[in-house]
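Subject: Structure handover

Dear colleague,

I am passing on the structure below, together with some notes on what came out of it. Please read the notes with the structure open beside you.

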Amino acid sequence: MPLGALRAKPKKVVFFFPAFSSQEATAPLGILAVSTPLLRAGYRVKIVDSTITPQFERRVIEELKDALCLAVSLVTGPMIRETCAVARAVKRIYPGLPIVLGGWHPSLLPDQTLAAEFVDAVVVGQGEEALLEVVRHIEAGESLAGIPGVGYKRDGRIVFNPKRPLRPLKEMPPKAYQLADFDAYQRVCGRRWAMYTSSLACPYNCGYCTNDGVYGRQWNALDPDQVVEETTDLVTRYRLELLWIVDDNFLIDRDRALGIAEGLVRRGVKFDWSIQASTNLVVRLSVEELKLLQRSGLSQISQGADTGSLRMMHLMNKDFQDLDTIYGAAEKLTAAGIRPSFNLIFGYPGEGEKERRESVALMMNICRRYPGAEFWTNIFTPYPGSPIMLRAFELGIEVPRSLEGWADFFPRYTVLPWLQGREHQRVQNMREYMRVAFHRVPIGKYRVPALNRLLFDLIGLPARWRLEHHVYSFPVDLWLRKKAQSLLTPPKPKVDAQQLSAEAVTC
Ligand code: B12
Ligand code: SF4
């Protein structure tokens, strides 16, 4: 029987957004993107985001009383746990109600995701048009056959329709920011901010990155005028302090980037914005050009330095970058008054103690030379769809066979065949010392008690000594800090999302 054939025909879609395991809370942009076509077609939309909704499972169940389907957006990692728990609870109460999954994980592993007993359909890639078509078919009691980019079940068997070609960002409708409860996100995060997309994809193909798997390196972007118009409207309308432009590599088109900066300066609307870009594209800009970006509000550029070893850079397929571009980016950004922010990855296949030490040295050198610079570290996590996963078998990576098996793929604690047990703990201690050795500026503005801050600073000195001498055993200092933190950190604010509904809103 076709999906939803026996149900009444309410015009409501409920979205569930599982927690991102991060306090950097803001509205899920993927859901805001796929909501616009639904709203324009007259559907009501309700978003339950577990980060801002206590008893979110109960809320989902309540909202589904008069809904057509449940739609979930997720990436690989811990979001899968809440997805499975909520979907199972929904199926217990509404066994015939369709559950549709979309976002990065279902796009990269559609077959396996659809194989979960509680998933009725998956959307692969861009979801704006696909979800609208899915919802229309569910409403009409029709099968999902023929909708490009959609996989579904027919008589218990998995069926995939043809792929949906990618559409340029320019052709996409605006995101439905009006659905976001920015007050609730601000209560969790301490800062009122939002995400914005000005371009899609990236022409590079780093070994660990999943970008190619979803966007196929087909970079495309909005024109400066549209970006200036939309961003200034957003920050004014929702009183935002910060916009994080989540483009994978914002600086691909140098003239476009400078055009956006000029436009923002001309508008004179004051707000902070930050971007992600590769170091080779940052150093392509002069300090004067970077100063123009700074005057327009650009406060931070997040860059994937990833390693301090040239050999590892090559293994990561990052020959477009070298150590000079990393140092050069730190120097130029500091001169322009923009915070240089770098990511490092530990445990990438081929990394040994020597390369690890080169990464630590890179961080120590840069943080000492450029005091505003910051480093964020991760443990390499083999994501489905990334080029390195083609070597999974050879590397001994146990590839999960079910949706739930991916829940522990998380760069904060991923355990790898070549990095486990004591060695894993040593790297974790090292990462923790890197965290306390130099300051970093998170998006969230948490109130840290003065005593806690003092303790942090006190541990900073021995942490630097440890990093210089590669001594990570007996981490008593870390233990003391953890104890103090648990005693001194105030409880998280209780947040409940305002009961927002888009019934009256159209775009
Ligand atoms: C912002 C962001 C974050 C923020 C999220 C804040 C928030 N409140 O949402 C923070 C900082 C918390 C974060 C954390 C992490 N992130 Co992140 N993040 C992103 C980023 C840069 C943008 C996401 C976004 O909103 N894009 C804009 C929207 C419009 O695009 P979209 O999500 O792709 O949505 C489209 C489709 O996917 C689809 N779609 C999306 N949802 C749905 C739902 C339905 C029902 C349907 C039908 C369709 C659909 O339609 C949308 C419109 O076309 C992406 C990279 C990227 N370019 O997207 C990485 C990305 C999602 N993150 C990634 C990773 C790895 C992480 C971390 C593990 C990083 C870390 N070191 O810890 C953590 C994981 C957190 C977790 N829960 O597990 C990977 C995910 C890879 C994967 N296999 O899933 C990405 C893809 C980066 C990359 N290229 O590798 N991240
Ligand atoms: S530069 Fe960044 S977005 Fe581009 S492929 Fe490398 S990691 Fe992915």
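How many nonpolar, polar and charged residues make up the shell around ligand 2? Please bear in mind that this is a predicted model. By class, the shell holds 5 nonpolar, 2 polar and 1 charged residues, and the residues that surround ligand 2 are Cys202, Tyr204, Asn205, Cys206, Tyr208, Cys209, Asn211 and Asp248.

Two backbone angles deserve a look, given that most residues other than glycine have a negative phi. Alanine 201, although not a glycine, has a positive phi of about 75°; it sits in the loop between β9 (199-200) and α8 (211-215), and it counts as buried because its relative accessibility is 0%, where the limit for that label is under 20%. Arginine 217 likewise has a positive phi, near 60°, and its place is in the loop between α8 and β10 (220-221), but at 38% relative accessibility arginine 217 counts as partly exposed.

Turning to the helices, α1 (residues 29-40) has 12 residues and reaches 17 Å from its first C-alpha to its last, which is close to the 16 Å expected at 1.5 Å a residue. Because 10 of its 12 residues are buried, α1 is largely enclosed by the rest of the structure; among the buried ones are Leu29, Ile31, Leu32 and Pro37. Helix α17 (residues 421-437), with 17 residues, reaches 24 Å between its first and last C-alpha atoms, close to the expected 24 Å at 1.5 Å a residue, and its buried residues include His424, Gln428, Asn429 and Arg431 as well as Val427, Met430 and Tyr433.

In the loop between α16 (392-395) and α17 lies phenylalanine 410, which is buried, with a relative accessible area of 14%. The C-alpha atom of phenylalanine 410 is separated by 9.3 Å from that of proline 382, and the two residues are 28 residues apart along the chain.

On the surface, finally, Leu451, Leu454 and Leu458 form a nonpolar patch whose members have about 310 Å² of accessible area together. Leucine 458 belongs to helix α18 (residues 450-469) and is exposed, with a relative accessible area of 53%. In an α-helix there are 3.6 residues a turn, so residues three or four places apart point the same way.

With best wishes

Notes:
Residues numbered from 1 in each chain as written. Chains lettered and ligands numbered in written order. Predicted model: local features only at pLDDT ≥ 70, side-chain atom pairs only at ≥ 80, totals over all residues. Heavy atoms only, no water. Near = heavy atom within 4 Å. Nonpolar A, V, L, I, M, F, W, Y, C, P; charged D, E, K, R; others polar. Patch = residues over 30% accessible without salt bridge, like charges linked within 9 Å, V, L, I, M, F, W, Y side chains within 5 Å. Areas by Shrake-Rupley, 256 points an atom, 1.4 Å probe, with all protein chains shown as cover. Salt bridge = Lys/Arg side-chain N within 4 Å of Asp/Glu carboxyl O. Helix = DSSP H or I, 4+ residues; strand = E, 2+ residues; numbered from the N terminus. Buried < 20%, exposed > 50% of the residue type's maximum accessible area, 1.4 Å probe, protein only. Expected span 1.5 Å × (residues − 1).
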